Amino acid sequence: MIGAAILKDVQLLLRDRGRLLSLFALPVVFMVVFGSMFKFGPDRGAPRPIPVWSGRPELHLDSLGEGFTVEPAPSADAVRHAVATGDRVAGLVIPPTGPVELVIDLAGPVQVRGPVQGALTAAVMRALAPPIPMPALIEAKSPPGIAKPLDSISAFQVTVPGNAVLFGFFLSMTVAMTFASERRSGTWRRLLAAPVPRWKALVGTLVPYFVIGCVQLAFLFGLGALGFGMQIAGSVVALVALSLAVVLCATCLGLLFASVGGTEKQIGSTAPVVLLVMGLLGGCMFPRIAMPDFMKSLGHVVPHSWALDGYYDVLVRQGTSLADLAPSIGALCGFAALFAALGLWRFRFE
Amino acid sequence: MLTLRGLGKDYGERTAVKAVDLDVVRGEILGLLGPNGAGKTTTISMACGVVTPTRGSVAIGGVALASEPFAAKAKLGLVPQDLAVFEELSALQNLRYFGALYRTRDVEWALDVVGLRDRATEPVKNFSGGMKRRLNIAAGLVHRPELLVLDEPTVGVDPQSRNHIFETVKALHAQGMTVIYTSHYMEEVEALCDRVAIMDHGAIVALGTIGELIAKHAGQGVELELAGNAEAGAAAAVAHGATRDGALLRFPAGAPLGAALAAIEAAGATVARIESRQANLETAFLALTGRALRDTE
Ligand SMILES: Nc1ncnc2c1ncn2[C@@H]1O[C@H](COP(=O)(O)OP(=O)(O)OP(=O)(O)O)[C@@H](O)[C@H]1O
Ligand SMILES: [Mg+2]
């Protein structure tokens, strides 16, 4: 019976273009868009040209360090013009006397302005100060107990799991919609009239979506790894186990939505809001690492955050094992049990 | 074939079905008639194990539903009032799924019975209303049940498809299937059913063959419409045994019509129309429930 239910739900899904798009295509679009918007780690794309005009010929500014190239400008005003029109992110004007002028839009977003301002300031200081050979003063290292991260972290390390979790949890809406539509159409009555135990009718409705959810995550992570160069630093077994826990949790959340959500229309209007807020709190759209502490701990009330913490470890930290993901997997299973218990408590067969 | 004993259902304060006793004989077609909200669907749902009764018991083919639900349910096929099929799937895919619920793989028979074999692989959403209804019936037939329960199978169906469904039910009956047929259409029940149960306000108010019900509850009579001083005429007629419904007067068969007519004329009224009243299930139903079968129309 469960095999027939899986077949039926897969057939239904294959005929439902909208649902297919939202399960498979939409997350890919999000991954790509966010993946090309955010930059993490040393890979910052092509170096940016910085227009420089120097009124002090004795001062040579050949290099501005990693990420920038020097672009000689004919005049100080040419530098200011290039920045004012937005052609260049920043420029340098070195007057014959007095301080060097860093031309930059001070109203620009701090995320863009800050790093540029810092890097150029340092470059100018290096160029102006006499070169003194110095030993390395500082070297960044992860503390013991935290596995070594990958050497280069591309944005897809973050946007693939972020969107996989966000859209993976949308499975719960599909589950709830299925219950509601089977009730409305009367196919649920047929199921109850058949010689099938009621628990099996319930499981038979949930299991197909567990399977579909697994296919969805396999597709998204597969595409991330093969298509977008997302690396898996830790154990693949751990990644699979974590993903199974995510799908289980989403399926159980679907049961809860089905029990309290009402009709298809009601579910269709409330579930997306709930899921988006959960995704936002959980760091699916904006990484929790960058959130203030309060938001970081608030995120723990939704399963998404636990899932993403786990994914970050297994994708970015080398040598992450199944045991290292125990807190994430445990939390997800805990949420799943909670959702299932609440869902079963409120579920009405008739 | 189906035995209901004291079967009832409460939804909170509201009693949908009081306490129904009913024996459906093997091989018969039993009609279940009743106005909207009479409790037909609720009764059927309890008989099929879809709704848990508040009180009473159900046995299907001698097997108690409460103690052996799977054995009992396997004998019964339900055709719900709503179109309970997956519109995006084909007829074949639908029947395979519903067949699997009964561990049946052979769905060809059901397709043939409803005459949908040549459209079997098309998505159901392309079907006409009548074809969807036929598939709805086929989905209740896949496991060749001993007892088929049809809840208003012809709602919203064109006359041609309705005839098709009719013939299907007759053919199944001829093969020995027991059928419970719920309908809003008196003609259907009269044409199809051996016995009729009339439900109203959650109770069966009459049960018998159509002949018995008519003889008992729908005596022949005469219907009059008055003109002139209709008020006074009607009062005089009521004194002579008529029942009154506005300007319409009804006399039961055997009423002293001559004396009544004289009294009506003496009161200053004239007879605008006179008609002999047909005794049929419709009048029996009206007599029993005080309501027409359909709210609308
Ligand atoms: N799930 C439910 N919750 C509350 N009340 C219900 C429920 N199902 C049915 N009822 C009530 O029980 C009564 C009987 O309903 P039922 O559907 O059995 O009538 P019916 O005879 O099938 O009517 P119809 O001819 O309109 O199909 C109605 O008053 C209805 O409002
Ligand atoms: Mg009904």
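## Interface between chains B and A

Buried area is the accessible area, taken with a 1.4 Å probe, that two parts lose on being put together, summed over both. Between chain B and chain A it is about 2500 Å², and carbon and sulfur atoms give 59% of that. In chain B, Val50(B), Tyr97(B) and Leu101(B) lose the most area to chain A, together 24% of what that side buries.

The model is predicted: local features need pLDDT of at least 70, side-chain atom pairs count only at pLDDT 80 or more, and totals for chains, interfaces and linings use all residues. Residues are numbered from 1 along each chain as its sequence is written, chains are lettered from A and ligands numbered from 1 in the order in which they are written, and side-chain values use heavy atoms, with hydrogens and water left out.

Contact means heavy atoms within 4.5 Å. By that rule, 32 residues of chain B are in contact with 23 residues of chain A. The two chains share 1 salt bridge (a side-chain nitrogen of Lys or Arg within 4 Å of a carboxyl oxygen of Asp or Glu). Lys9(B) forms a salt bridge with Glu350(A), and their closest N and O atoms are 3.9 Å apart.

## Magnesium site

Two residues supply the protein donors of the magnesium ion (ligand 2): Thr41(B) through OG1 and Gln81(B) through OE1, at 1.8 to 2.3 Å from the ion. Thr41(B) lies in helix 1 (residues 40-47) of chain B and Gln81(B) in the loop between strand 6 (76-79) and helix 3 (91-101), so the pair ties together parts that are 40 residues apart in sequence. Donors are N, O and S atoms within 2.8 Å of the metal (3.2 Å for Na, K and Ca); water is not among the atoms, so sites may look incomplete. Helices (H or I, at least four residues) and strands (E, at least two) are DSSP runs, numbered from the N terminus.

Thr41(B) has a relative accessible area of 24% and is partly exposed. Gln81(B), at 29%, is also partly exposed. Buried means under 20% relative accessible area, exposed over 50%, and partly exposed in between (1.4 Å probe, protein chains only).

## Helix 4 of chain A

Helix 4 of chain A covers residues 110-128. Its 19 residues should span 27 Å at 1.5 Å a residue, and its end C-alpha atoms are 26 Å apart, which agrees. The expected span is 1.5 Å times one less than the number of residues.

Arg113(A), Val116(A), Leu120(A), Ala123(A) and Val124(A) are buried in this helix. They cover an arc of only 110° around the axis, which puts them on the same side of helix 4. The arc is that of the directions from the helix axis to the C-beta atoms. Strand 1 (48-54), strand 2 (68-72), strand 3 (90-94) and strand 4 (101-104) of chain A are among what covers these buried residues. The face turned away from the buried side carries the exposed residues Val110(A), Gln111(A), Met125(A) and Arg126(A).

Thr182(B) is in strand 8 (residues 178-183). At 0% relative accessibility, Thr182(B) is buried. Beyond four places in sequence, Thr182(B) touches residues including Lys40(B), Ile44(B) and Asp151(B). Ser161(B) sits in helix 6 (residues 159-174) and is buried at 7%. Leaving aside neighbours within four places in sequence, Ser161(B) contacts Gly130(B) and Arg134(B).

Ser57(B) belongs to strand 4 (residues 55-60) of chain B. Ser57(B) is partly exposed, at 38%. With neighbours within four places in sequence set aside, Ser57(B) contacts Thr3(B), Leu4(B), Arg5(B) and Leu7(B).
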